[in-house]
Amino acid sequence: MTEEMLINPIEKLTEQFPADWLKADERSGYSGYIVQREHLLEFARTMRDDYGFDYLSMVTAADYLEEGFFEVVYYAYKTIGGPALVYKVQIPRTDAVVPSLIGLYPGADFQEREVWDLLGIRFDGHPDLRRILMWEGFEGHPLRKDWKEPFFEEDVKPYKSRWPEGKPVFIDKENPFDDNVQYPEGFDPDHWTPDQDTLLYAGLVKKASNEEFKTDQLVVNMGPQHPSTHGVFRMVVSLEGETIIDLKPVMGYLHRNHEKIAERNTFLQNMPFTDRLDYITSMSNNFAYALAVEKLMGVQVPERADYIRVMMAELTRIMNHYFATGFLLNDLGAYFTPSLYSIEERELILDIFEEVSGSRMMCNYFRFGGVVRDVSDHILKKIHDLVYDRLPRKLESLDAYLTNNEILRSRCEGVGVLTAEQAIALSAAGPILRASGVPYDVRRADPYSIYDRFDFDVVTGNHGDIYDRYLVRVEEIRQSIRIIKQVLRDIPAGPIMTGKPPYQVRVPAGESYGRVEGPKGEMGFYIVSNGKPNPARYHVRAPTFINLTSLAPMSRGEKVADVVVILGAIDIVLGEVDR
Amino acid sequence: MVFPCIPPNSKRCIMSPEGLTKPEYQVPDELQSQVSLTTLDRIYNWSRLNSVWPMMFGLACCAIEMIATAASRYDLARFGMEVMRPSPRQSDVMLVSGTVTKKMIPQIVRLYNQMPEPKYVIAMGACASSGGPFKGGYNVVAGVDKYIPVDVYIPGCPPTPQALLHGLITLQKKIEGESLKTVSWYQKGPSVPIPVPVLGPDLIDVRKTALIREKSKPAPETEAQEPSAGDVTDKPADGEIAAA
Amino acid sequence: MKNFSYRFGVIRGLGVTLSHFFQTYITDIKKGRKHYGTVEGIEDRRQADTDGIFTIQYPEERLPLPEEFRVLPFLVYDDGENGEKILRCTACGICAKVCPPQCIWINRAADPVTGKPSPHPADFNIDMDICMNCGFCAEYCPFDAIKMDHDFELSSLDRGETHLYNLEKLMKSATYYASIHPTAAALEDAARAEKAKPKA
């Protein structure tokens with residue numbers, strides 16, 4: 001390797017590999033490399049081992065119907081920081097098979113299953129390629145461009161039927177079944193048997209039975225209706241006594257077709273839908289989406305808007321970590337008291353969000369080029385009071401009654417351990433990755449917005465257990481308070497938006513990936529635009545979806561009561577897991 | 001004795017013995033706060049509506065607002081509803097809060113069947129009422145009332161905790177108006193559980209199997225062709241959705 | 001089993017909880033009867049230094065809604081001289097185009113004589129069961145004709161037709177709008193008066 005390559009290893013990769021392996025992506029607005037399908041595994045292994053790209057952040061695919069191919073996209077990063085390595089594989093629509101990267105990066109597991117589910121691309125070598133968001137037996141692969149949903153009206157919004165001759169129609173009445181359903185031709189429900197999740201239960205590892213001693217393997221379904229699963233999430237565990245032998249998560253109970261709806265929406269209309277992804281931290285989701293589209297559009301955000309954005313993002317982080325701590329203690333059995341105290345702090349922050357954006361939770365506050373409304377001095381004073389007076393005081397009292405609590409410590413220390421190598425291989429992100437000792441924070445590794453101006457620490461833990469995750473979250477609240485204090489000190493006067501934004505945003509053709517360090521991990525949006533008002537492909541890199549890959553390795557060998565706490569420490573939100 | 005924290009002129013449903021008395025009966029002044037003359041209906045409803053136990057059933061974003069309503073700022077315990085049981089066998093009202101998806105609806109119907117009567121359902125938010133902003137999605141059921149009967153609808157996305165409390169007060173008013181002669185759980189005959197839908201190529205409502213079979217029959221001129229099995233799903237020929 | 005020297009972690013936690021409990025009584029005694037049921041009391045319980053009981057007792061006490069609060073949209077009309085209602089809406093269709101779940105249907109009126117489109121809506125329908133309260137319609141309307149309401153007490157016993165608001169149900173007066181959005185209404189009235197001034 002030359003010295004130039006050590007500094008910018010990804011600039012001239014075509015010179016390092018044989019010509020038939022890869023070529024640079026020359027399409028306007030695109031970046032990265034197009035790798036040939038046969039050499040994908042070798043290429044990925046070389047990049048991971050020789051070049052140091054050990055963290056596979058995102059695996060997704062896009063359907064290019066007119067050109068006639070699928071494109072599977074991979075984004076890999078180095079844990080020491082730096083820009084992304086983007087590589088893609090293009091495969092014909094009639095022969096959609098790609099080798100699976102699960103042997104190199106176990107974190108690609110759920111993402112490849114999702115690509116199979118929604119787009120129909122097979123991954124050779126994946127041990128358990130079942131549908132993940134829809135159910136086995138569902139007809140069709142929904143995200144393909146030629147698949148139409150039952151309530152299909154027109155290809156793209158705005159629909160012509162709404163204006164100028166808009167006659168209101170209840171679309172349920174247009175469907176012959178008065179509901180959002182469609183069936184294949186010739187389907188006879190009386191001569192058809194439902195699938196009973198056979199593949200799911202067959203894949204569950206069971207201990208080999210002892211010949212003299214006949215023991216019973218118990219398979220328990222926890223969820224989707226369960227007080228501890230943080231939403232509609234189901235875990236299938238196989239137990240021996242109280243110890244877990246294997247665990248398989250089942251999701252999709254809240255799959256609201258965000259990506260398909262987003263392909264019909266215009267870019268601006270997607271903003272309120274991003275609020276509903278991780279519904280506790282709506283400002284963070286807006287931030288990531290605004291960054292992704294602004295990269296494509298090339299707009300600059302005024303300084304005051306940048307400061308306001310950072311302030312809102314950090315307030316969201318504080319609110320989320322309080323909430324997560326409260327619910328972690330709920331799972332431990334501290335019946336509601338810590339969560340009531342945390343929700344009290346959250347209410348005061350939500351008051352600020354309500355005054356600024358109009359709604360407590362679904363803020364819809366960011367636009368391409370700035371934010372919607374200015375923050376008045378009255379609100380700045382409220383934030384000042386919170387950050388200088390109330391939050392540090394309440395955090396000390398939370399520390400006082402929780403951190404050295406014997407019950408918390410004995411139940412959380414040493415439970416659910418994830419080593420650093422495991423965490424990187426499983427593509428974990430956020431407090432989970434940092435509690436295992438990997439100091440990877442997108443705000444430091446790949447700074448966006450104006451985070452490079454602020455002075456804060458990246459909080460890590462040493463043991464990778466639940467107690468460390470709790471400590472990391474509490475310390476991150478302190479760091480967020482530190483950042484907000486600097487924002488309040490430095491916020492300049494000025495405009496909050498570049499120009500008056502039109503409601504039809506024209507985005508030049510290209511692809512972009514905008515990511516932020518959300519409270520739960522790296523939240524990213526992958527957008528492909530072809531110059532039209534609607535995105536051609538829109539994918540959400542949801543941190544908790546990928547963090548759930550680490551649930552099974554963490555829980556094997558633990559007790560059933562512990563798996564509830566492990567799930568609480570991962571801090572999932574179903575709106576993001578299922579999109 | 002009224003604690004200082006409850007403001008005077010409370011507009012709550014009925015809380016004091018004076019409120020329980022039926023208006024047309026006159027009670028002598030000296031017995032006002034000790035005796036009330038009421039009907040069986042009124043006292044039956046009064047005791048039920050002041051202790052409606054919700055089922056802890058949060059699906060999506062509206063669940064967070066439900067949790068915030070149960071928390072200290074908008075306390076549900078003032079209405080007798082702080083006991084949020086996750087088990088359907090011990091709850092009175094099912095607060096469907098969040099988008100109802102096809103994968104989840106068999107579970108919702110099963111849970112509804114497991115609730116003992118008298119039971120109520122509140123559809124909280126736009127998504128539970130009608131599919132909401134996600135109505136066009138392929139995995140979303142257009143309103144939970146396609147499968148279970150709903151008593152109160154609360155629009156909003158999400159409805160603020162105060163709106164949810166208003167919806168619960170509406171439910172309390174509805175319960176107040178019920179009469180022992182007409183309630184469904186005291187009629188003759190057992191109550192019929194709702195059949196649980198099945199997940200097939202798409203969600204199958206078992207009450208509509210005849211309709212499904214009829215509408216899915218291939219059109220006569222294309223009978224010679226194989227029905228398409230695989231990725232591209234065509235809508236049945238007579239099921240075209242026309243834009244208005 | 002982990003060997004823990006049991007110190008006072010649990011007892012300290014209990015101490016914090018008990019202090020919260022007694023603080024509620026101390027605050028009640030300090031603030032007196034005016035702490036509940038009055039507007040100042042509610043405001044006091046929303047400050048950053050609030051302690052004691054945090055509950056805002058709906059329906060007797062209501063939290064004040066900030067001006068930007070958005071529930072459902074409504075159409076603004078100005079009062080004409082003869083008491084007729086002059087809708088500001090010109091049926092331009094921008095709100096219908098920008099609505100993310102497409103819940104607005106506008107039927108533009110046609111001039112009865114010439115048949116050419118005239119800037120009034122013949123029909124205006126919003127399906128409130130689909131509306132996601134995003135506020136885009138109010139934000140992008142160039143004529144200040146559609147704004148977000150504050151009335152959240154909308155629970156009902158049925159849905160469907162009753163939740164499909166037509167033009168009659170959507171119209172509310174400009175004085176009502178100014179009462180719920182005072183600063184925005186003042187700014188817009190000033191801007192409109194500025195534009196209406198005859199050019200000198």
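Contact, as I use the word in these entries, means heavy atoms within 4.5 Å. The model I looked at is predicted.

**Entry 1: helix α3 of chain B**

I started with α3(B) and asked what covers its buried residues. The cover includes α9 (303-332) and α10 of chain A, together with β2 (93-97), β3, α5 and α6 (161-176) of chain B. I then listed the buried residues themselves: C61(B), C62(B), A63(B), I64(B), E65(B), M66(B), A68(B) and T69(B). The helix runs over residues 61-70, and because 8 of its 10 residues are buried, I noted α3 of chain B as largely enclosed by the rest of the structure.

**Entry 2: helix α4 of chain B**

The buried residues are I105(B), P106(B), Q107(B), I108(B), V109(B), L111(B) and Y112(B). Their cover includes β1 (54-55), β2, β3, β5 (198-199) and β6 (203-204) of chain B.

**Entry 3: chain A as a whole**

I counted the secondary structure of chain A and got 20 helices and 15 strands.

I took the second largest pocket next and noted a space of about 1200 Å³. Its lining has 39 residues, and those closest to the centre are V372(A), R373(A), E139(C), A184(C) and E188(C). Which elements each supply at least two residues of this lining? I found α10 (337-357) of chain A, and from chain C α4 (136-140), β5 (146-148) and α7 (182-196). The element that gives the most is α7(C), with 4 residues. By residue class, the lining of this pocket divides into 20 nonpolar, 7 polar and 12 charged.

**Entry 4: cavities**

I counted the cavities of 30 Å³ or more and got 16 in the structure. I opened the second largest cavity, which has a volume of about 150 Å³. It is lined by 18 residues, and P158(B), T160(B), F69(C), R70(C) and N133(C) lie nearest its centre. The lining of the second largest cavity comprises 10 nonpolar, 5 polar and 3 charged residues.

**Entry 5: backbone angles**

Before listing exceptions I wrote down the background: most residues other than glycine have a negative phi, and most peptide bonds are trans.

I looked up two residues of chain A with a positive phi. N364(A) is not a glycine, yet its phi is about 55°. This residue sits in the loop between α10 and β11 (366-367) of chain A. Is N364(A) buried or exposed? N364(A) counts as buried because its relative accessibility is 4%, and the cut-off for buried is under 20%.

D571(A), also not a glycine, has a positive phi of about 65°. I located D571(A) in the loop between α19 (560-570) and α20 (574-578) of chain A. Its relative accessible area is 8%, so D571(A) is buried.

I then looked up two cis peptide bonds. One runs from E117(B) to P118(B), with omega near -5°. P118(B) belongs to the loop between α4 (105-114) and β3 (120-124) of chain B. The other joins Y58(C) and P59(C), with omega about 5°. I placed P59(C) in the loop between α2 (39-44) and β1 (73-79) of chain C.

**Entry 6: a glycine of chain B**

Last, I checked G136(B). It lies in the loop between α5 (125-130) and β4 (152-154) of chain B. G136(B) counts as partly exposed because its relative accessibility is 29%. Which residues is G136(B) in contact with, leaving aside its neighbours within four places in sequence? I found E149(A) and F151(A).

Definitions and conventions
Residues are numbered from 1 along each chain as its sequence is written. Chains are lettered from A and ligands numbered from 1 in the order in which they are written. This is a predicted model: local features need pLDDT of at least 70, side-chain atom pairs count only at pLDDT 80 or more; totals for chains, interfaces and linings use all residues. Side-chain values use heavy atoms; hydrogens and water are left out. On a 1 Å grid over the protein atoms alone, a cavity is a set of points where a 1.4 Å probe fits but cannot get out, and a pocket is an open set with protein on both sides within 12 Å along at least five of seven lines; lining residues have an atom within 4 Å of a point. Grid points are joined across faces, edges and corners, and a volume is the space filled by probe spheres set on the points. Ala, Val, Leu, Ile, Met, Phe, Trp, Tyr, Cys and Pro count as nonpolar, Asp, Glu, Lys and Arg as charged, and the others, Gly among them, as polar. Buried means under 20% relative accessible area, exposed over 50%, partly exposed in between (1.4 Å probe, protein chains only).
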